[in-house]
Amino acid sequence: MFKINENYLKLPGSYLFSTIAKKVNEFQAANPDKSVIRLGIGDVTQPLAPAIIDALHGAVDEMGKAETFHGYAPDLGYEFLRTAIAKNDYADRGCDIAADEIFVSDGAKCDSGNIQEIFSVDNKIAVCDPVYPVYVDTNVMAGRTGTYDPKTEMWSDVIYMPCTAENNFAPELPKETPDMIYLCFPNNPTGATITKDQLQVWVDYANKVGAVIIYDAAYEAYISEPDVPHTIFECEGARTCAIELKSFSKNAGFTGTRLGYTVIPKDLKCGDVMLHSLWARRHGTKYNGAPYIQQRAGEAVYSPEGKEQLAKQVAYYMNNAKVIKEGLQEAGYTVSGGVNAPYIWLKTPGSMTSWEFFDYLLANANVVGTPGSGFGPSGEGYFRLTAFGTYENTVAALERIRKM
Ligand code: MLT
């Protein structure tokens, strides 16, 4: 008789954004006349930039001719894309990352979930609280998190690093020593960031205790302040302790197109073993590469036209962030984020829980957001709104919220 991976049974409820989608669909079915504005999941709304569309068309045409047709992509990704990434995202920022330390994939969500596979199940993970749920859930599936306490909503073998208003939503070094540290800056869900000096403290700490930092930089394009690092490899010593995850979803609108990459420096080792080799082995065995068409589209992100068009797209979303932030502040809410990130983190009014506010907002303003408690216990009493809607919907949502 076959047996299942019982770790899956430990997972409480369904994936956060699936739960929200279900609730919203139920509401919409019961209220077909209401126009619901979705500012919940961080999904983009602006069309792909013209430079990317041109690259897609060109690549599609290539696939239609025998001389330029492409089959399986190289394991690590096409050289043209890895070279563009190494130059634009690293060399131009003074960071020492080689093209062959970059693994192209179909998105940072998969990589952030899969990366734990190359680590021992005995490793202890440390996560920010609140946190992007994929980091924790995938470690639960792997059997690395111990038992779940529904009262505290915490796992016995996970080190939680609370990110609260008191510490400016920036985690402090944990008391207990972790083996794997998940950090995401600019942060999802709080929209907070840390400075380069603050990140350097984490890099120094990880090197000292022999931990690895899994650094999710998916929202890097939204950084507007000068002292916020765009990559962990701006920090000295990061090559021996950090893995970086990057996405094309948020900077270039690839949520539906799918493209991302992971950087594993060859200096990152456990004893004599390079983590790079393990991930390369995994990639080669389990993955056949992001499609050629997408990788050509990714290359266009780094073209002069692509850069210019995407800067405008980011500015469009950041204007939404301003509309949300200022609108909420005028309405008397306590708000943070939205300056270096497309997420606005607000305190729920009175003593409302995050889910109570979700229901209240949906029923009274027909606006969807994300309950802070869905990201972890320290998110209770908070709520996330995304700036990735259209400008018109964002303005309309804020008008409705003000009238509540
Ligand atoms: C979010 O809303 O937190 C993100 O869109 C989720 C993701 O990028 O997978």
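Where does asparagine 366 lie? Asparagine 366 is in the loop between helix H12 (354–365) and strand E15 (367–368). Helices (H or I, at least four residues) and strands (E, at least two) are DSSP runs here, numbered from the N terminus.

Some ground rules. This is a predicted model, in which local features need pLDDT of at least 70 and side-chain atom pairs count only at pLDDT 80 or more, while totals for chains, interfaces and linings use all residues. Residues are numbered from 1 along each chain as its sequence is written, and side-chain values use heavy atoms, with hydrogens and water left out.

Back to asparagine 366. This residue has a positive phi of about 55 degrees although it is not a glycine. At 9% relative accessibility, asparagine 366 counts as buried. Buried means under 20% relative accessible area, exposed means over 50%, and partly exposed is in between (1.4 Å probe, protein chains only). Phenylalanine 169, also not a glycine, has a positive phi of about 60 degrees. Phenylalanine 169 sits in the loop between strand E6 (158–162) and E7, and is buried at 8% relative accessible area. Most residues other than glycine have a negative phi, and most peptide bonds are trans.

One joins aspartate 129 and proline 130, with omega about 10 degrees; proline 130 lies in the loop between E3 and helix H6 (133–142). Another joins asparagine 188 and proline 189, with omega about 20 degrees. Proline 189 is in the loop between strand E7 (180–184) and helix H7 (196–209).

Which residues are around the ligand? They are Phe17, Ile41, Gly42, Lys109, Tyr132, Asn188, Tyr219, Lys250, Tyr343 and Arg384, where near means that a heavy atom of the residue lies within 4 Å. A side-chain N or O atom of asparagine 188 is 2.8 Å from an oxygen atom of the ligand. For lysine 250, the distance from a side-chain N or O atom to a ligand oxygen atom is 3.0 Å. Glycine 42 places a backbone N or O atom 2.6 Å from an oxygen atom of the ligand. Taken alone, the ligand exposes 270 Å², and the protein buries 86% of that. Those areas come from the Shrake-Rupley method with a 1.4 Å probe; for residues, only the protein chains shown count as cover.

Now salt bridges. Side chains of opposite charge can pair when their charged atoms come close. A salt bridge here is a side-chain nitrogen of Lys or Arg within 4 Å of a carboxyl oxygen of Asp or Glu. How many are there by this rule? The count comes to 18 salt bridges.

Lysine 266 and aspartate 100 form one of them, at 2.7 Å, N to O. The two are 166 residues apart, and the pair links distant parts of the chain. Lysine 266 is partly exposed at 26%, and aspartate 100 is partly exposed at 35%.

Lysine 286 pairs with glutamate 117, with their closest N and O atoms 3.0 Å apart. Lysine 286 lies in helix H9 (residues 275–286) and glutamate 117 in the loop between helix H5 (108–114) and strand E3 (125–129), so the pair ties together parts 169 residues apart in sequence. Lysine 286 is exposed at 53%, whereas glutamate 117 is partly exposed at 36%.

Finally, Asp89, Arg93, Glu220 and Lys246 are linked in a network of salt bridges.

Terms used
A polar contact is a pair of N or O atoms within 3.5 Å; within protein, one must be able to donate a hydrogen and the other to accept it, and residues adjacent in sequence count only if both atoms are side-chain atoms.
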